[in-house]
Amino acid sequence: MRRTLVYFVAAVMGLSLGLASSLWMAGLWPEGRSLAFGNVDVAGWRSDFAVGSEAADPYTRARVARHGLLALAKTEAVYFTRFVDDDGQPLREACRYRIGGGSIPAGWWSVTLYDARSMLPGNTDGALSIDAGRTGPGAWQAVIASERPADAAHWISSRNAGTFDLTLRLYMPEPALLADPAAVLEPPSVTRLGCEGEDGG
């Protein structure tokens, strides 16, 4: 009887640990930003180069499927996600940010804003992303805000986003970037300009 009880407890513990790890790896538990995973971190922009490759384990595939990432092979596209500004604070609709950078070693790139559910915010501003086709070559800047700034050449709307994240997509990345992203990629900076209720917000 005692041995049966031990087996039962061990089985329950094993199943519980398996279920908990599966939910956590899939981003279902606890509630949170389940795309905050990966083996690459370049200045706060995180990625998992296993996404879109045969190296992706079942957990990674589950996360990608859950978020509808529709990941391409990494030789065709890699994805970086960021949840905080340059000061490490969560990105929020109540704040305004300046995002900017320079040349990116890829055939084409874009930055898109997603809400906490990894969905496009429910607004009709038509300004949820910025891309290489709009900024042109070289240095670029855009303002992230809930309303279009009067003096910004490029704007990403955060209206109805709440707490949000940014996804940087690099299409046709250069081989050197795939080999050593930290040495090659200079990702966009995200500077908080002000928040509602603060001076200058």
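Here is a quick briefing on the fold, the core, the aromatic pairs and a surface patch of this chain.

This is a predicted model, where local features need pLDDT of at least 70, side-chain atom pairs count only at pLDDT 80 or more, and totals for chains, interfaces and linings use all residues. Residues are numbered from 1 along each chain as its sequence is written, and side-chain values use heavy atoms, with hydrogens and water left out.

**Overall build**
- The chain has 5 helices and 10 strands, taken as DSSP runs numbered from the N terminus (helices are H or I, at least four residues; strands are E, at least two).
- Of the 201 residues, 40% are buried, where buried means under 20% relative accessible area, exposed over 50% and partly exposed in between (1.4 Å probe, protein chains only).
- Take the contacts (heavy atoms within 4.5 Å) with a separation of 6 or more: 69% of them join residues 24 or more positions apart.

**The core**
- The largest nonpolar core holds 31 residues, and Phe 80, Ile 99, Trp 109, Leu 166 and Leu 170 touch the most other members. Such a core is a set of buried Ala, Val, Leu, Ile, Met, Phe, Trp, Tyr and Cys residues joined through side-chain atoms within 4.5 Å.
- Strand 5 gives the largest share of this core, 4 residues.
- Leaving aside residues up to four places away in sequence, Leu 166 touches, among others, Trp 45, Phe 80, Ile 99, Val 111 and Val 190.

**Aromatic pairs**
- There are 3 aromatic pairs, counting rings of Phe, Tyr and Trp (its six-membered ring) with centres within 6.5 Å; planes under 30 degrees apart are stacked, over 60 edge-to-face and the rest tilted.
- Tyr 97 and Phe 164 are edge-to-face, because their ring centres are 6.0 Å apart and their planes sit at 85 degrees.
- Tyr 97 lies in strand 4 (residues 95-101) and Phe 164 in the loop between strand 8 (155-157) and strand 9 (165-173), so this pair ties together parts 67 residues apart in sequence. Tyr 97 and Phe 164 are both buried.
- Trp 108 and Tyr 171 make a tilted pair, at 5.6 Å centre to centre with 50 degrees between the planes.
- Trp 108 is in strand 5 (residues 106-114) and Tyr 171 in strand 9, 63 residues apart.
- Trp 108 counts as partly exposed at 34% relative accessibility, and Tyr 171 is partly exposed at 25%.

**Surface**
- Leu 5, Phe 8, Val 9, Val 12 and Met 13 form a nonpolar surface patch with about 480 Å² of accessible area together. Met 13 lies in helix 1 (residues 2-25).
- Patch residues have over 30% relative accessible area and no salt bridge, with nonpolar side chains (Val, Leu, Ile, Met, Phe, Trp, Tyr) joined within 5 Å and like charges within 9 Å. A salt bridge is a side-chain nitrogen of Lys or Arg within 4 Å of a carboxyl oxygen of Asp or Glu. Accessible areas come from the Shrake-Rupley method with a 1.4 Å probe, and for residues only the protein chains shown count as cover.
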